[in-house]
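Please look through the structure below alongside its sequence.

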Amino acid sequence: MTNSLLNKGTIDREIYLQEIVDATIDWDLIVIGGGATGLGIALDATARGYKTLLVEQADFAKGTSSRSTKLVHGGVRYLAQGDVKLVREASIERGLLHRNAPHLVKDQNFIVPVYTLWDRLKYTIGLKVYDWIAGRLSLGSSVFISKKETIKKIPGIKSSGLKGGVLYHDGQFDDSRLAINLVQSIWENGGYAINYMQVTNLMKDEKGNACGITVMDMETKKLYDFKSKSIVNATGVFVDAILQMDKPGSNKTICVSQGVHLVLDKKFYPSSEALMIPETSDGRVLFAVPWHDKVVLGTTDTPVEEASLEPLALEKEINFILETAGNYLSTKPQRSDVLSVFAGLRPLAAPQNGDQKTKEISRSHKIIVSTSKLFTILGGKWTTYRKMGEDMVNRIEKELKWGHKKPATATLHIHGFAADTNWNDPLYFYGSDATLIRQHMNGSSNDWLSEELKIHRTQIRWAIEHEMARTVEDVLSRRTRALLLNAKESRRIAPECAAIMANVLGKDQQWEKDQVETFNKLAEQYILN
Ligand SMILES: Cc1cc2nc3c(=O)[nH]c(=O)nc-3n(C[C@H](O)[C@H](O)[C@H](O)COP(=O)(O)OP(=O)(O)OC[C@H]3O[C@@H](n4cnc5c(N)ncnc54)[C@H](O)[C@@H]3O)c2cc1C
């Protein structure tokens with residue numbers, strides 16, 4: 001198959017979809033879901049040479065995968081829970097991702113402030129074990145630092161009773177940008193991935209095995225059937241809906257837990273080191289992580305009954321984060337200081353013990369193979385997306401007796417790979433694409449659409465032509481991070497963003513108006529009144 005994207009350099013979704021339709025082949029793998037998990041599986045399969053198609057019902061990373069705490073981490077908390085296997089696996093993956101996407105994954109210093117001698121001992125030893133588990137893929141060694149040094153590194157930290165801090169290393173990244181770069185890597189390696197295509201039905205062969213999907217183009221409402229030798233359900237908190245299509249009445253496999261984050265101006269946390277509070281009043285970990293010139297505070301762990309693509313932060317979650325963070329920062333943030341609030345849903349594998357609290361459920365992933373040979377994946381973390389992809393393709397090969405092709409993603413550079421990242425460059429997250437974007441600016445590099453967020457008009461066109469952005473939300477939430485960094489500012493620039501998009505996509509004024517209206521309504525949810 002020839003992938004038109006490779007020849008043209010830019011992307012036109014309509015032409016691209018027609019190419020998929022015209023292919024009239026049996027795919028080796030169809031992956032349902034374009035979050036971290038589905039993208040990891042599709043890239044692994046593509047890199048092994050399988051004919052792979054990924055379909056996403058909304059935009060890539062519209063679900064949980066754009067709403068994480070932005071950490072590529074082994075998981076200090078999982079170590080405290082004794083889940084050494086998960087920490088070891090995640091630490092290895094952290095190291096590999098740092099090597100393969102150095103333009104997106106940063107070695108980040110974290111400081112655990114300690115207020116008792118027991119905590120000093122506990123966290124010094126615990127974090128040494130954390131370093132040791134990562135082995136040669138460790139990002140650096142942890143050390144105890146004095147009270148004076150802790151205050152110097154975190155100028156706002158509450159100093160009364162402070163004994164010092166333990167400094168350790170983990171990874172920090174931009175989740176939806178990594179998702180977009182994974183899509184581009186799939187394209188470049190000969191695989192297919194397309195957004196706004198919703199699976200509405202599973203096709204079965206005469207033996208009752210899953211052999212294809214019916215999918216609706218959410219833009220035109222047209223239905224298509226695609227056949228495949230294997231079907232993968234990687235739909236995060238929506239896996240049970242697909243399992244119902246497979247077998248009505250199937251048991252619930254997933255347990256949903258919501259996590260909320262608040263974004264503040266960095267004046268509340270004027271530090272380049274992240275803060276990790278290992279045990280808050282509800283027993284969870286709370287982070288303050290510098291991100292794109294702001295600080296992200298989070299998160300919570302609230303069981304939720306219904307999965308949704310736009311979950312709403314609860315008042316009690318917002319208050320909990322403001323109060324807890326306020327205990328550690330010299331200036332207490334108020335509601336009116338919050339630039340954006342976003343919520344995400346964890347797709348946790350439902351525990352055997354129904355009473356288990358969501359914060360105690362393991363973040364390990366689990367693969368289920370239905371009697372129809374539908375492959376479903378549950379749980380996991382962004383950090384381990386690559387390993388989850390590898391495990392799934394290995395499992396498909398084994399179950400369907402395909403023979404084993406060597407996995408290739410452990411050393412595969414992700415689109416945008418650039419060895420020397422200047423983290424102060426506003427375009428740093430484009431990696432090697434930043435040079436091309438600057439060329440398109442034609443000498444207008446200071447002509448910002450948003451001076452505050454350092455978003456240039458050229459980025460809008462780039463998002464459409466190279467990253468398959470289809471709506472104002474795609475551009476302002478996931479190609480740039482405007483909505484999550486400053487929701488009011490994102491609302492201010494939405495009309496101009498829509499006008500640029502309408503021009504590039506050939507849309508009319510009504511489209512522009514609808515886009516702005518829809519985006520404004522969404523942005524309301526990210527603004528605290
Ligand atoms: C608050 C919070 C903080 C987190 N922080 C971290 C962190 O710092 N580091 C870390 O490693 N992990 C973190 N995680 C975990 C990580 O974000 C998730 O494990 C991961 O993003 C899940 O990805 P996914 O692809 O399984 O799900 P999703 O990203 O939700 O993707 C599933 C996709 O399937 C699509 N879909 C559903 N139904 C259909 C259909 N019928 N047809 C087509 N497509 C469909 C959805 O639209 C969605 O885009 C965090 C999670 C939460 C909730």
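Predicted model: local features only at pLDDT ≥ 70, side-chain atom pairs only at ≥ 80, totals over all residues.

Just after helix α16, residue G506 takes a positive phi of about 70°. Helix α16 covers residues 487–505 and has a kink of about 45° at A494. The buried residues in α16 include A487, S490, A494, C497 and M501. An α-helix has 3.6 residues a turn, so residues three or four places apart point the same way.

Next comes the ligand. Which residues come nearest to the ligand? There are 37 residues around it, and the nearest of them are T37, E56, S65, L71 and T383. Two of these can be described by atom distances. In T37, a polar side-chain atom lies 2.7 Å from an oxygen atom of the ligand. In E56, an N or O atom of the side chain is 2.6 Å from an oxygen atom of the ligand. W382 takes part through its backbone: one of its backbone N or O atoms lies 3.1 Å from a ligand oxygen atom.

Two residues in loops are worth a look. R48 sits in the loop between α3 (36–47) and β3 (52–55). Is R48 buried or exposed? Its relative accessible area is 6%, and a residue under 20% counts as buried, so R48 is buried. The side chain of R48 makes a polar contact of 2.9 Å with the side chain of N394. A polar atom of the R48 side chain also lies 3.1 Å from the backbone oxygen of K405.

I11 belongs to the loop between α1 (4–8) and α2 (13–22). I11 is buried too, because its relative accessible area is 10%, under the 20% limit. Computed along the chain in residues, I11 and K406 are 395 apart in sequence, and their C-alpha atoms are 30 Å apart in space.

A search of the whole structure finds 3 cavities of 30 Å³ or more. The largest cavity has a volume of about 60 Å³. Its lining includes L43, E93, Y385, R386 and T409. The elements that give two or more residues to this lining are α5 (84–100) and α11 (385–399), and α5 gives the most, with 4 residues. By class, the lining of the largest cavity has 5 nonpolar, 2 polar and 2 charged residues.

The second largest cavity has a volume of about 40 Å³. H440, T458, R461, W462, E465 and H466 line it. Helix α13 (residues 457–467) supplies the largest share of that lining, 5 residues. The lining divides into 1 nonpolar, 3 polar and 2 charged residues.

Definitions and conventions: Residues numbered from 1 in each chain as written. Heavy atoms only, no water. Bend = angle between axes of the 7 residues up to and from the residue. Buried < 20%, exposed > 50% of the residue type's maximum accessible area, 1.4 Å probe, protein only. Near = heavy atom within 4 Å. Polar contact = N/O pair within 3.5 Å; in protein donor to acceptor, adjacent residues only side chain to side chain. 1 Å grid on protein atoms, 1.4 Å probe; cavity = no way out; pocket = protein on both sides within 12 Å on 5 of 7 lines; lining within 4 Å. Points joined across faces, edges and corners; volume = space filled by probe spheres on them. Nonpolar A, V, L, I, M, F, W, Y, C, P; charged D, E, K, R; others polar.
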